[in-house]
Amino acid sequence: MLNRITTLFAEAKDLNTYRMSNKEMVIEIAYISSLCDESKVSDFILVPFQKELQPFDDIVERNPQFQIIQDPAMWASIILRGFVLLSVKGRIYALDTARIIRNETPATQVETAILGPQLALSEDMVDSINIIRSRYPSPELAMEEKTIGSMSHTRIMILYDNRHVDPNVLSEVRSKLQSIRIDFLNAAGQLERKLSGKLGLLPTIIITERPDRVANSLQRGKIVLLLQGTMFALIMPATFYEFMHAVDDNYDSFWMTRMLILLRYFGVILTITMPALYIAVISYNPELFRVQLAFSIAGSRSAVPYPSFIEVFIMLFMIESLIEASLRLPKYIGSTATTVGGLILGQAAQQAGLVSSIMIIVTSVVAISNFVVPVNNMSISIRFMKYPLIVPAIFFGLTGVTVGIFALLCYMTHLRSFGKPYFRIFGPIKAYTSDIGQVSEE
Amino acid sequence: MRQNKLIQLAIVLPILLATLSGCGFKDIDKRFFVVAAGIDRPVNNPNRYLVTLKLAVPSPKIEPGSAKAQVESVEASTIAEAVRLIKSRVDKELDFGHCKLYLLGDRLSSQYYPDAMDWISRRRDIQNVAYIAIGRPDAKTVIEMNPPTERFPGNTLFLQLGKDGTESAYIVPVFSFDFIRKAQERGIDPVLPIMNKEKEEYVISKLALLNKNKTVATLSPNETEIYNQISHHMKKSTVTATINGQSLVLAVNKISSRYRIVKEANGSHILKMKIYISGIFEEAPLGVYSSNWSKLEQKFNEHYEAEANHLLTKIQQAEVDPFGFGLRYRATHAGSDQTWKAWLSIYPQLKFEIKANIKIDGTGISD
Amino acid sequence: MNRYFYYNVFLGSMLNLMLYVPHILIKYRYNGAISSMLVAVAIGTGLAYLFTTVTQAFPGKGLPEILYIFFPRAIVIPILLFLAAMWYVASAIAIIAYAVLINRFFNPDTSAIIVLGLLTLVCIYGATRSTLSVMFMMEMGLIINTPLILFILMKSVRSENISWDAIRTIANYWNQMPQLTPIAAASYIFTGYINFSIYNRLTPPNFRLKFRWMIPVFCTVIMLISFFVPIGFHGTETVVHYIYLWSVTSDSLIMNYGFIERVIFVFLILYLNLTLIYTTSGWHQAIEMIKSCFPSNKPDVDQREIPWINWAIATLFAIVSLLYLHFFDEKESFKLASAWLVLRLFAEAGTVFLLFGMTLRYRRKSSL
């Protein structure tokens, strides 16, 4: 065995191979030291082998942790997942001794909630499942394991509640997972893009780190995908409304959370339409606003030497770079960038007559109201949405904006998340009326 | 494949659009907003029009007195031509979208106004909720004036005429759609407020009564107030009466009026109008609290009835119908052309019977 | 799932403004508009009741499928093509009228043809979607727009500038004889139910339509508002001179508190949305009707892959609309709309009666 493995891992310095013998027998073991917990190796193999309290082949046969491996083709991949391979009396066994370096069950950072649970999912799938299982103590919780990625062999876990899950959705998820062709799968977002098509404008899968959101979704019959190596879970199918819904909305005061939900929708509408509306109103229909407002806009724009859409592009470029910069910079310099950027944008550009003061307000509203979306992947999709709307605004003014929004509406209502409608009114459906579109098959 | 096609589309489509369109794109700072327009007949040339436009010059500063405006005025044989001529004199595109006031010159309105009205009603960019008024001595003088404390050009005009700012019983704002409908309606005639220039202020306190062609009478400020009370139930108004040489003024709290046109046994028609007003003293001699209120109310009633009667008779004699008595008659009688013809013969002989019912609610905070 | 039926009714009745219905009615205000409206209430409600009885007898089946049950293909195809043309013309009238309206009020410097090109582009996109998607689109569009439209309508009714005397004056002309054109125009307001000839494919097998009384109630209210409010604002005489009656009427309203002062812009944007929804839905139905003529066609309410024939037919629709706008003017459009309204009344009544009769026979046969 050892010869074969050393030829497989010819250049791997961290491959450990031993041949050991005691009175009874000779065993061979092979593992990659950097992937394995050496103490486990010694506890389970080296010590019992040396002490000889019991015949070692007996130990190996009785302890279910040692799995028999039949196919020599699997060896390489097993070793690479942190297993120890050992050959005892011609039989090959594998023992899981993986030592996974991961963040120690961290607090939520991407999707925070004030009064909600503070623990996020873990980067180790087993820990994540632990967290989920403890929140969802139900025998109906089903799990299936798959590996994706021809190189990365990323392990993924499909979780769902057997009672609530829609079998059609489940089979669609399975078949989509089956058809994924990818070499390396590193992050949840990558899988999401593979599952829902990369050209989609809006996400149809929620990416979350919150175990409470996962538990809620399982309870409502959704399917959850966990990836080894990321602390994010994928939830599907999803509707547009779920992206706008923060987990806090179930924990905090009823009236305030309803207002916040309303505020989020309003924020989304603003962030998508404001730049386009600015162009439309400034350049096509200045009579839209009341006189006083129109004159103060005209006054503040009088020094700006270029057309409105150039102004919009400049400011959007600035604000997007500012957001990007504060994300990329090390945390210590991040705040400096925003201060400097904010000062320059807010004061100097306006005083120099490069942009109007109204445009600065528009830009800030666009940026701020973008951040009220609770689910990060939706927030990023919406960040892009304002650009397609600018084009018709430049050519057709208010008409263009309205038509653009209508096209967006058509797109959203045509969107399906794993066969489920994405954007519609989800009223209560009484058992005896059944839903629209549920046509009897002939 | 699909992605390539999309990218192609993303490139081709804007180019196509750019070649097709791009017209109509005009930034707000490349436009001149007309805030008020005046239409006059020149003194020496009564067949031509003198059009005066007040153009707002937006300024980044917003403080009292910072409003700047440019006034252009041109004489031409039609209004449209005059506007075109003004266009050739200014550097930015004229935009009537924010024009809130159309002033008809006194000479124009007392000659023949329907032509000017036609222009106002036909242009697509003229608001239906623009105010129309008569400028005295002419529209140009009123428009040329710049009130010294304006924040925005024309702001004084908008606020003074509209309900956002001052609400005065002497100002009867008339929207253009209201004016146009009354100018063609059978059974009601238009009225227009008269704007005077006095020093650096606009004075709006009189009302012009118009028939279908021209101005026929003018109401004094007092009569305007009564018109406003009867017709628009204007609450921010007063009722006065003189008792023993002392004048008492009642600030109106509540006001309502009703009228019916009744056919008498002898075939003549009587308009029976009832006016209910209640209010609080604003001006009265001390001790009015202890005096007999019903007596005071009686005096108020008599006074008011006389004034209202005088107003209605004056209107009837001018052969106009700004209250819409004719429309009411049509509304309450069978729908046919006969009704309208009947009304035409009824109105000149119509008698008025006015009952005022004025109630004193209190004497203010002192007795 | 009753609401999906009433979306169609609401949309149809609110869109009457774009098909010149108030304008036609007001033309006849002294000679029979009121009585015609009364007759139209009866006709519209009657047809709606008959038609919904038919569709309920065949849940999950659209008009083409129902027709194929009764008649041979050679008879069904001409009927379907004719109905498709009726749907197409209605939507085309609305969208062409709107392109001209935009050209008048929003973009006076852009030619109406280019604006129409833009509008038809999104309508092509919308109309090619699956039936279920179009229905959801209608739902969301109406949910977003209707509250504001009702707000404007309420505001107009409660405005202090409305002249009730003028309205009463016109109402006094109720004793004139009804006439065909105003009856056809007014009954259009009740015609939203007919859209269920395709959307009935979406109804689940155990579908029961409830609250049918809402059809006459809601539509009558809309009819009265769209006829009387302009009269209240523009008087009994001036009102007939306005071509864009409701745009001018909405311009007579003011919003005192807000960024936007003039109601007309809000109104135009809202009605642009409604018109787009209406056209998308109308074209979609016309496409489905034409597709049903092919024997190979199997109706699928939620098709994910858009077949090329959808695109082809929708593009053809758009091109015909553009050509129409190029060759004809407002005046001819208005005449076409009036003629279409009359033709529609007969076509619709014919279809409904035919279907109702056949359904009765079908039921009797199947119960034997």
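Colleague: With which residue does A:Arg301 form a salt bridge, and how far apart are the closest N and O atoms?

Modeller: A salt bridge here is a side-chain nitrogen of Lys or Arg within 4 Å of a carboxyl oxygen of Asp or Glu. A:Arg301 pairs in this way with B:Asp27, with 3.4 Å between the closest N and O atoms. The model is a predicted one, in which local features need pLDDT of at least 70 and side-chain atom pairs pLDDT 80 or more, while totals for chains, interfaces and linings use all residues. Residues are numbered from 1 along each chain as its sequence is written, chains are lettered from A and ligands numbered from 1 in the order in which they are written, and side-chain values use heavy atoms, with hydrogens and water left out.

Colleague: Where do A:Arg301 and B:Asp27 lie?

Modeller: Helices (H or I, at least four residues) and strands (E, at least two) are DSSP runs, numbered from the N terminus. A:Arg301 is in helix H11 of chain A and B:Asp27 in the loop between helix H1 (2-20) and strand S1 (31-40) of chain B, so the pair joins two chains. Both A:Arg301 and B:Asp27 are buried, a term that means under 20% relative accessible area, with exposed over 50% and partly exposed in between (1.4 Å probe, protein chains only).

Colleague: Which residues do salt bridges that share partners join into one network?

Modeller: The network consists of A:Arg301, A:Glu311, B:Asp27, B:Asp29 and B:Lys30.

Colleague: How is the area buried between chain A and chain B to be read?

Modeller: The size of an interface is often given as the accessible area lost when the parts come together. The buried area is summed over both parts, with a 1.4 Å probe. Between chain A and chain B it is about 2500 Å², and carbon and sulfur atoms give 69% of this. Contact (heavy atoms within 4.5 Å) involves 29 residues of chain A and 33 residues of chain B.

Colleague: Which residues touch the most other members of the largest nonpolar core?

Modeller: In soluble globular proteins, nonpolar side chains tend to be buried together. A nonpolar core is a set of buried Ala, Val, Leu, Ile, Met, Phe, Trp, Tyr and Cys residues joined through side-chain atoms within 4.5 Å. In the largest one, of 341 residues, A:Met378, B:Tyr102, B:Met195, B:Phe325 and C:Phe227 touch the most other members. Helix H5 (residues 73-105) of chain C gives the most to this core, with 20 residues.

How values were computed:
Buried area is the accessible area (1.4 Å probe) that two parts lose on being put together, summed over both.
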